[in-house]
Amino acid sequence: MKLVQTIAEMRTQSQAGRSHGSRLGLVPTMGALHEGHLSLVRAARQRSDTAAVSIFVNPTQFGPSEDFAKYPRDLERDCALLEGEGVDIVFAPSVHEMYTSQNTTWVVVEGISDRLCGQSRPGHFRGVTTVVAKLFNAVRPDVVFFGQKDAAQVAVIKRMVRDLNLPVEIEVCAIVREPDGLALSSRNSYLSAEERKSALVLYRSLMRVHEEFARGERDSAKLIASAKQEFEQKPGVRLDYFEIVDPDTLEAMPTITRLALVAVAAFVGKTRLIDNIILEP
Ligand code: AMP
């Protein structure tokens, strides 16, 4: 496994792979790897000839009062995990390598970037699309793997790829959960034992919607009202949003007549967690 820290070296590696006609798969991450990330890595190993993983905690997608400084970082541990998975290349550039102080160019996907997490985290998706475009240019992958865990991110990236005719395929992998249902997240490490228990409310609210949908309820307002009851009288938990939307446009879907994304975000203590499910009529 090669650890690459500069864009120039990354391009050389990528070109070398390509000259043998092989397909390069990329898994973009912010490190602090868990089984959710590793499921993407395994998909990349299966569906491409060369598997690259990027590790970059991207400052431009964090708001001024968010957790950029304290976000967990452990490159040595991450590299050991990735070596164990048979990854070929780890691309772990510094902030300085990815951004100069004169950076004034942004990739903005209008409209859709202001929905769900984009509404509660202004500028978040501008940072995501900009860094993902930069990673695509540095790594030049044929196929890129994202997790359904970040469903809004998937919608925004797919739109960017389509709008800019970027020559990459996007593969989306299922959410990996703890046995009790909590979606794996690097931010789960912030939770105290008590908060870890409270955090289950996200999954429970989604399951409640799933059950009522299975019993025939198609009215999103009723499903959302029912889900929100789960959040009542939960000390230390603050609901950010609970929405039922079109998975491609992220626009609200008042009646569920086609595939629908049910997405939730909540603060458990100071930790912001997200989760979602797809409903299929
Ligand atoms: P992050 O390091 O949080 O930026 O995540 C990197 C990639 O891993 C993103 O495409 C996420 O959607 C994906 N991911 C994070 N958590 C999970 C999970 N529990 N299951 C599946 N994919 C995940």
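Here is a short tour of this predicted model, stop by stop.

Before you click, note that residues are numbered from 1 along each chain as its sequence is written, and that side-chain values use heavy atoms, with hydrogens and water left out. Local features need pLDDT of at least 70 and side-chain atom pairs count only at pLDDT 80 or more, while totals for chains, interfaces and linings use all residues.

**Stop 1: the aromatic rings**

Select Phe62, Phe68 and Tyr71, which form one aromatic cluster. Searching the whole structure turns up 3 aromatic pairs. Rings of Phe, Tyr and Trp (its six-membered ring) pair if their centres lie within 6.5 Å; planes under 30 degrees apart count as stacked, over 60 as edge-to-face and the rest as tilted. Why is the pair of Phe62 and Phe68 edge-to-face? Their planes stand at 65 degrees, with the ring centres 5.4 Å apart, so the pair falls in that class.

Colour by accessibility here if you like. Phe62 is buried at 10% relative accessible area, and Phe68 is partly exposed at 26% (buried means under 20%, exposed over 50%, partly exposed in between, with a 1.4 Å probe and protein chains only).

Then jump to Trp106, where Arg126 lies over the face at 3.5 Å from the ring centre.

**Stop 2: Phe56**

Select Phe56, in the loop between strand 3 (50-55) and helix 3 (75-84). Helices (H or I, at least four residues) and strands (E, at least two) are DSSP runs, numbered from the N terminus. Is Phe56 buried or exposed? It is buried, at 5% relative accessibility. Leaving out residues up to four places away in sequence, Phe56 touches Thr29, Met30, Pro93, Ser94, Val95, Met98, Tyr99 and Val131 (contact means heavy atoms within 4.5 Å). From Phe56 to Arg73 is 9.5 Å, C-alpha to C-alpha, with the two 17 residues apart in sequence.

**Stop 3: two helices**

Show helix 1 (residues 7-19) and helix 6 (residues 124-139), which pack at about 55 degrees with axes 7 Å apart. Axes are lines fitted to C-alpha atoms, for helices over the stretch in contact, and angles run from 0 to 180 degrees between N-to-C directions. The two helices are therefore oblique to each other (under 35 degrees is roughly parallel, over 145 roughly antiparallel, 65 to 115 roughly perpendicular, and the rest oblique).

For the contact itself, pick Ile7, Met10, Arg11, Ser14 and Arg18 on helix 1, which meet Asn137, Ala138 and Val139 on helix 6.

**Stop 4: positive phi**

Most residues other than glycine have a negative phi. Leu116 has a positive phi, near 45 degrees, in the loop between helix 4 (95-98) and helix 5 (117-120). Leu116 is buried, at 2% relative accessible area. Asn165 also has a positive phi, about 50 degrees, and its place is the loop between helix 7 (151-163) and strand 6 (169-173). Asn165 is exposed, at 64%.

**Stop 5: Lys234**

Finish at Lys234, in the loop between helix 10 (220-229) and strand 7 (237-245). Lys234 is partly exposed, at 26% relative accessible area. Not counting residues up to four places away in sequence, Lys234 touches Val201 and Arg204. Its C-alpha is 9.6 Å from that of Val268, 34 residues away along the chain.

Terms used: A charge sits over a ring if NZ of Lys or CZ of Arg is within 6 Å of the ring centre and within 35 degrees of the ring normal.
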